[in-house]
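Thanks for asking me to look this one over. Here are my notes, in the order I would go through them with the model open on screen.

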Amino acid sequence: MKHSSLWLILQRMRTPFLVIIFTYTLSIIGLLLIDGVDNEGNVYHLTIFDAFYFISYTATTIGFGETPFVFTYPQRIWVSMSIFFTVTGWFYSVGTLIALLQNKLFLEEFEKAKFTRKVAYLKEKYIIILGYNSITSEIIKKANEYGLRSVVIEKEEQKRDHLLLENFTPPVFCLNADAYNPEALERAGIKSPYCRAIVSLFENDALNLRIALTSKVLNPTIFMAIKSTTKNQTENLMDVGVQIIENPFEIIAEHINMAINTPHRLRLVRWIYGLGTLFDPLLSLPHGKYIVCGYGRMGKSIYEVLKQNNFEIAFAEIDPQKMSYPNAAIHDHPKILIGDGDDKEILKQLGIDSCVAIIAGTDDDTNNLSILATAKKLNPHIITIARENELEDFSIFESSNIDTIFIPAKVLINKTVNAILNPTLDLFIKHVHRLAEDEVMSLTKKLLEINLHPLLFTLKIDEAQAPMLVQNIQTVPFKLSLLKRSLKDRNFNNNLIPLMRVRHKEIEILPDWESSLERNDLFLFAGDANAQDHLEYIANNFYEFHYAYYGEEKSFLNKLWRKKPISAKNLSNG
């Protein structure tokens, strides 16, 4: 039933209602049958209305007097008995109602109905987040910063209580239910036109796949960000049509690959992900033999990367069940010793003396710290790389003098935020490999010339974001260089770099300033706040656009010429 709380009320209160009706009926019938005497001594009988009126206030207030005439003794005896009938019925009904209000099932249904109403009244763009933890908490905070509301489905009451204690502003609506439950997804508004995306980052791949399938059935056009930790799972999600498939272990493996071969590109990518700055020291990993502790999902991803780079690799894995090599040839099997990575003998057998680096990649932070401490004692010159699983432990890892720390949780957070809130950044990261390492070095130098922390922003040439350009673009083609003009003095340029252009789904990295603008072009820029302001003014404001293009001061008379086509001469001068 759609309104389950109302159904529970009707079901549980059925007997109390019948008891009240029966006691009232019995009392009224008694008064109708018993003879009364009026002021002149004549016998009379109460009407149905008089009897109902008298019983109504007698049952609830124990009477306001006898009406319409003073009662006879038989009437008073019956009224006395009726008081016990009706008051007992009321006590029974009120007691049942109080018990119902304390019933856990009723409270759950009531909360569900309340949640459904709140989501139905939500007339802003929002995302549905499945499961609440430290990762999704950060995603909610970043979404709030971008003005995007969040709706959460969380099964565990304790986690839901933690969410309520966070006191997010604006408030986050939370439903206590299974994330894969179709009814819960519908209550969360998966079919609403305001629902922008659904985020599922559970560790359980099967659960994520089930959620993706259910969501696709409920809303075939829904935008989904789903976590995957294996290649097989990634392929399954691609078959379902998931737009954003997030595999943090593959991303980390890719980062390790870049640290070995293209460290400058890695620094640029980490800056865009929000994992570092442009002036961070280069993360460059040495060539040689590596020990990897943990042959789980992350270990397998790292193995593929190190093998591609022809590195010698040895693994320490405490769980023998993880030593499976489905669909792999014998010569592809890595060297694995079963044992704890912080065991000195295991590390010695793996040849730690001759290793250049060790990666502690287990899912236990304490174990990872212990592994690296042991390895450092056996080989003081070894490069240490750690996987940090819990965000709360960051200060411990940072103070442990570990050379490199990879945090899958942070990768997930930034990847999700980029993909949902600013997909252009995600697109740029996917295509940045087109740039050679020296081109990336040059780009980084230019970005740092803007300032230490350049801003990233986008502009689409359409009516919403660039109406001035759209109005004139069909008459005269504009050059991209128009957008970097300073509005203080058009002879100078702002600190602006075009990082990417998307035109008809074709990607161009670092487009030329002399290239022409076309309607529906999407640009990703890096610049300072001043450059961003001037760019937006040129694209939106007639006076500022006029000055940037013609070099004339803005005036009301200029506005009269607004519909005049811009001459090619002016364009060439521009």
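1. A pair of strands to begin with. Strand 6 (residues 195-200) pairs with strand 7 (residues 224-227) in the parallel sense, over three bridges. Within this pairing, V199 stands opposite A225 of strand 7. Please keep in mind that this is a predicted model.

2. The nonpolar cores. Which residues have the most contacts inside the largest nonpolar core? They are I256, L268, L285, L306, F428 and L447, in a core of 52 residues. Helix 11 (residues 248-261) gives the most to this core, contributing eight residues. Another core, of 45 residues, lies apart from it and includes I127, I291, V417 and A419.

3. A closer look at L306. If its neighbours within four places in sequence are left aside, L306 is in contact with I256, I260, Y290, V292, F311 and I313. Of these partners, I256 is also among the residues with the most contacts inside the largest core.

4. Cysteines. How many disulfides does a search of the whole structure find? The count is zero. For C195, the nearest cysteine sulfur is that of C174, 15 Å away, while a disulfide needs the two sulfur atoms within 2.5 Å. C195 has a relative accessible area of 10%, so the residue counts as buried. C293 is in no disulfide either: the nearest cysteine sulfur, that of C355, is 9.7 Å away. Is C293 buried or exposed? C293 is buried, because its relative accessibility is 1%, and the cut-off for buried is under 20%.

How values were computed. Residues numbered from 1 in each chain as written. Predicted model: local features only at pLDDT ≥ 70, side-chain atom pairs only at ≥ 80, totals over all residues. Heavy atoms only, no water. Buried < 20%, exposed > 50% of the residue type's maximum accessible area, 1.4 Å probe, protein only. Core = buried A, V, L, I, M, F, W, Y, C linked by side-chain atoms within 4.5 Å. Helix = DSSP H or I, 4+ residues; strand = E, 2+ residues; numbered from the N terminus. Contact = heavy atoms within 4.5 Å. Pairing = 2+ DSSP bridges.
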